[in-house]
Amino acid sequence: MNASAHSPGKPAPIPPSEQNLLTRVAEPWCKASDEVLQLEGLCFDRRGTLYFLEVFGGTVFSLEPGGRTPKALFQLAGMNPASVKIHRNGQLYISLLGDFKQGGLLICNPDGSGRRTILQDYVVDDIVFASDGGFYFTHFVGSSCEPTGGVFHVSADEVVTPVMRNMAGPNGVALSTDERVLWVTETNANRLHRIDLAADGKTIAPYGTCVPYHFTGYHGPDSCSIDSDDNLYVAMYYQGRVMAFNRYGFPIGQFLLPGRDEGQHLLTTHPMLAPDSRQLLICTNDPVGQKGSWIFSAEAFAKAHKTYQFT
């Protein structure tokens, strides 16, 4: 499909430089709610259960394999959770935006019990695990004129080390299959960062940072994830689509949500591949068309990468 047919008068027109990208249209997969919920954080456990959440109400949901009716597990009222990732031991690691000045990372069992919170001095938006049990997280603060955010490494024994500072709202974070490249989306500066890591995994290799892509339009890139070929998938918030990049940061395709030309399903937040498949799931909501909150599905360019909790 060629995206050039999308009129510039639409709410979220495709920029001219991206109109000839390989384009696929996603299909509805699961309606999460009739309400307009800020869905985020798609993540599967070893059983194939899908976990996700909604930010401003704080509800954490699960969806059993083969199911289409999400179950509300527990609520984190006032904590504004932004993502959920699963440790190898089965515990949930839930990023907290808090009051957008102080947040943290909540660690708990899948039913919400056994809670403890770390990193309360940070506004944690997203995390990605490394194979040693450490992880990287984004500190989601800073504006385009006051870049005070950053990305940090946390060791398995919870020692925090800054990787990169002076960022304007760093949001999504993903780690390459060989764990030598860290991807970070910078929402408030509309940029994609590619960071080559040194052997210690927590510092930057010499000449190891670049911005391979500058995004266009409102509002900016959101969460991201990779596949087994190291392609990167980036949700485009307020644009109703996901962009795909190869391992070097060149754009190779895009996935459009139906109804986006009419302003529907524009609040695209998170793409994630289902384990052992090429199924790309995309969560979004529709405050304009009032069609509720959905998870859409499309065929990715490669199979899912076997992430930390499956190894």
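Let's begin at Tyr-207, which has its place in strand E18. Keep in mind as you explore that this is a predicted model.

**Backbone details to look for**

- Tyr-207 has a phi near 55 degrees, a positive value in a residue other than glycine. Most residues other than glycine have a negative phi, and most peptide bonds are trans.
- Is Tyr-207 buried or exposed? Tyr-207 is exposed, since its relative accessible area is 84% and the exposed class covers values over 50%.
- Phe-100 also has a positive phi although it is a residue other than glycine, and here the value is near 70 degrees. You will find Phe-100 in the loop that runs between strand E8 (92–96) and strand E9 (104–108).
- The relative accessibility of Phe-100 is 38%, so this residue counts as partly exposed.
- Tyr-218 and His-219 are joined by a cis peptide bond, with omega at about 15 degrees. His-219 belongs to the loop between strand E18 (204–214) and E19.

**An open sheet of five strands**

- In what order do the five strands of the open sheet lie? The order is E1-E22-E21-E20-E19, and the pairing is mixed.
- E1 and E19 are the edge strands, and each of them pairs on one side only.
- On average, neighbouring strands of this sheet are turned by 25 degrees against each other, with direction ignored.
- Within the sheet, E21 pairs with strand E22 (residues 251–256) in the antiparallel sense, over five bridges.
- Arg-241 stands opposite Leu-256 in E22. Remember Arg-241, as the next topic returns to this residue.

**Salt bridges**

- How many salt bridges does the count come to? The total is ten salt bridges, and three of them are described here.
- One of them joins Arg-241 to Glu-18, and the closest N and O atoms of this pair are 2.6 Å apart.
- Another salt bridge brings together the side chains of Arg-47 and Glu-64, at 3.1 Å from N to O. This pair links distant parts of the chain that are 17 residues apart: Arg-47 is in the loop between strand E3 (39–44) and strand E4 (50–54), while Glu-64 is in the loop between strand E5 (59–63) and strand E6 (71–75).
- Arg-47 is exposed, with a relative accessible area of 57%, whereas Glu-64 counts as partly exposed at 39% relative accessibility.
- Asp-126 and Lys-85 form a salt bridge too, their closest N and O atoms being 3.0 Å apart. Here the linked parts of the chain are 41 residues apart, with Asp-126 in strand E11 (residues 124–129) and Lys-85 in strand E7 (residues 81–86).
- Why do these two residues count as buried? Asp-126 has 1% relative accessibility and Lys-85 has 11%, and buried means under 20%.

**The largest pocket**

- The largest pocket holds about 570 Å³ of space.
- Which residues lie nearest its centre? Of the 31 residues that line the largest pocket, these are His-305, Lys-306, Thr-307, Tyr-308 and Gln-309.
- Several strands each supply at least two residues of this lining: E3, E7, E11, strand E15 (170–175), strand E19 (220–226) and strand E23 (270–273).
- Sorted by class, the lining of the largest pocket has 18 nonpolar, nine polar and four charged residues.

**The second largest pocket**

- About 260 Å³ of space lies in the second largest pocket. Its lining has 17 residues, and Gln-38, Phe-140, Asn-171, Asp-222 and Tyr-237 are the closest to its centre.
- Which strand gives the most to the lining of the second largest pocket? E19 does, with three residues.
- By class, eight nonpolar, six polar and three charged residues line the second largest pocket.

Methods
Residues numbered from 1 in each chain as written. Predicted model: local features only at pLDDT ≥ 70, side-chain atom pairs only at ≥ 80, totals over all residues. Heavy atoms only, no water. Salt bridge = Lys/Arg side-chain N within 4 Å of Asp/Glu carboxyl O. Helix = DSSP H or I, 4+ residues; strand = E, 2+ residues; numbered from the N terminus. Buried < 20%, exposed > 50% of the residue type's maximum accessible area, 1.4 Å probe, protein only. 1 Å grid on protein atoms, 1.4 Å probe; cavity = no way out; pocket = protein on both sides within 12 Å on 5 of 7 lines; lining within 4 Å. Points joined across faces, edges and corners; volume = space filled by probe spheres on them. Nonpolar A, V, L, I, M, F, W, Y, C, P; charged D, E, K, R; others polar. Pairing = 2+ DSSP bridges. Axes fitted to C-alpha atoms, helices over the stretch in contact; angles between N-to-C directions.
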